Amino acid sequence: MDKQQIKAAVCAAIDQNRDKLIALGKDIFAHPELGYKETRTSALVQQMFEELGLPYQNGLALTGVKARAAGRDHRATVAVMGELDAVVSPLHPNADKQTGAAHACGHNAQITTMLGAAMGLCLSGAMEQLDGDAVFMAVPAEEFVELEYREKLLRDGKIEFLGGKQQLIAEGAFDDVDMAMMVHSMPGAPTPQFTAVGAGCSGFVGKLVKYRGKEAHAGAAPHDGINALNAACLGLMGINAQRETFKDEDGIRVHPIITKGGDLVNIVPADVRIETYVRGRGIDAIVDASKKVDRALRGGAMAVGAEVEIVQLPGYLPIDTNHQMDALFMQNAAALVGEKNVVDASAIPAGGGSSDVGDLSLVIPTIQPVAGGFSGTAHAMDFLVCDEEMAYINPAKMMACTVVDLLCNGAEAACQVKAEYKPTYTKETYLAFWREFVKAQ
């Protein structure tokens, strides 16, 4: 078969499994799980891999799963990814009543499209015509939530990173992968068929801040206490005073929340806690802003005689999307939904959102197009699938056809991507960057 015939067979196999895929996506939507706890969803993925006859590894980054479909030759390996976890959105009508988890970011669709691509490539016989391997990965913990829970996992030595792709890099799960892709949901797209390719995303670092003061009776003897809430408020004011020093082009965003403001209104607050991100479009800008934020937080403690502990959490790095892979994906997207519905977003400045796919993109060639089919607002109570074909089926075809482009004809396109890609980090220097950042701040 020639390339177009292979693609046609792949898409036909996905269409034949359309009802199964949509039912799977709905089932995952109805059973959301938070990061590093996605045991049910992980089991569903493993069941699907078993049905496809794919050998797989489980327990990667606690709940991740990785399967491999071999081609007739092994000149390159392309990973197709989907994310297992939900986000915390307790007001969502489909939220888990115990945990507040809800698939208000479309990860249920991402897992479905990854599995759809696997079905298309494996059930069509396409892999027998390709000169490289396809890897299908269910990745945990993309949403940066439940920070105290994940910090405990860190302390217990179960993980080193709070993000699933970061943890998989550290564990070596990408050591035998040459390039990777996934499609993310895009709520509120101009049309359900809308697809944007090459869009950037910001990076960030996370912080857990603990102010320690001294308890005293708030009415009778406040002079005997040290008010940790006042220290925190001064720290936040110090951050605000730094905002004029952030360059517009760096897109710095600092958005702290106070997660504990004291214990009792009649006691001088002695234990106050803050969580915050420091976001930005470039690594150097993030590191610089992070130092300014830390200085402000420490200044608040110094002003009232409190103590402060700042726990640095390795966040996510800005994405550097691979333009060669993007170009192939755009052609396949246009063939499915029409050129008018496909946009090259590579020239648009990165938005404020972040993902651990950015970290991966700095180590191996990676793309993350976004696609419509969703209504409402990301991470909000009104987020829903509004077009099942676009949410669950079309991205599976787009990714599978892009794998065909990369691995057909001697894997010529994939070999070219490998040859021309200039990584920002090796795996070793990437890990060293985060480890040194955490120690140095």
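This is a predicted model: local features need pLDDT of at least 70, side-chain atom pairs count only at pLDDT 80 or more; totals for chains, interfaces and linings use all residues.
I began with the second largest cavity, and found its lining made of Glu-148, Leu-208, Val-209, Lys-210, Thr-259, Arg-273, Ile-274 and Glu-275.

Residues are numbered from 1 along each chain as its sequence is written, and side-chain values use heavy atoms, with hydrogens and water left out.

**Back to the second largest cavity.** I got about 40 Å³ of space for it; a volume here is the space filled by probe spheres set on the points, with grid points joined across faces, edges and corners. Strand 10 and strand 13 each give two or more residues to its lining; helices (H or I, at least four residues) and strands (E, at least two) are DSSP runs, numbered from the N terminus. Sorted by class, I have three nonpolar, one polar and four charged residues there. My classes: Ala, Val, Leu, Ile, Met, Phe, Trp, Tyr, Cys and Pro are nonpolar, Asp, Glu, Lys and Arg are charged, and the others, Gly among them, are polar.

**The largest cavity.** I looked up how many cavities reach 30 Å³ or more, and the structure holds three. The largest has about 60 Å³ of space. Of its 13 lining residues, Ala-109, Val-183, Ser-185, Phe-374 and Ala-391 lie nearest the centre. Helix 4, strand 8, strand 18 (370–375) and helix 11 each supply two or more.

**The largest pocket.** I read off about 1,100 Å³ for this one. It has 42 lining residues, and Arg-279, Gly-352, Gly-353, Ser-354 and His-379 are the closest to its centre. Among the elements giving two or more residues are helix 5 (147–155), strand 10 (201–212) and strand 13 (271–280). I sorted the lining into 22 nonpolar, 14 polar and six charged residues.

**Helix 2.** Which residues of helix 2 are buried? I listed Leu-21, Ile-22, Leu-24, Gly-25, Ile-28 and Phe-29; buried means under 20% relative accessible area, exposed over 50%, partly exposed in between (1.4 Å probe, protein chains only). They sit on the same side of helix 2, because they cover an arc of only 155° around the axis, the arc being that of the directions from the helix axis to the C-beta atoms. Their cover includes helix 1 (3–16), helix 3 (39–51) and helix 11 (388–420).

**Two residues.** Is His-103 buried or exposed? I found it buried, at a relative accessible area of 2%, in the loop between strand 5 (101–102) and helix 4.

Cys-415, in helix 11, is partly exposed at 29%. Its C-alpha is separated by 6.7 Å from that of Ala-76, 339 residues apart along the chain.

How values were computed:
On a 1 Å grid over the protein atoms alone, a cavity is a set of points where a 1.4 Å probe fits but cannot get out, and a pocket is an open set with protein on both sides within 12 Å along at least five of seven lines; lining residues have an atom within 4 Å of a point. Contact means heavy atoms within 4.5 Å.
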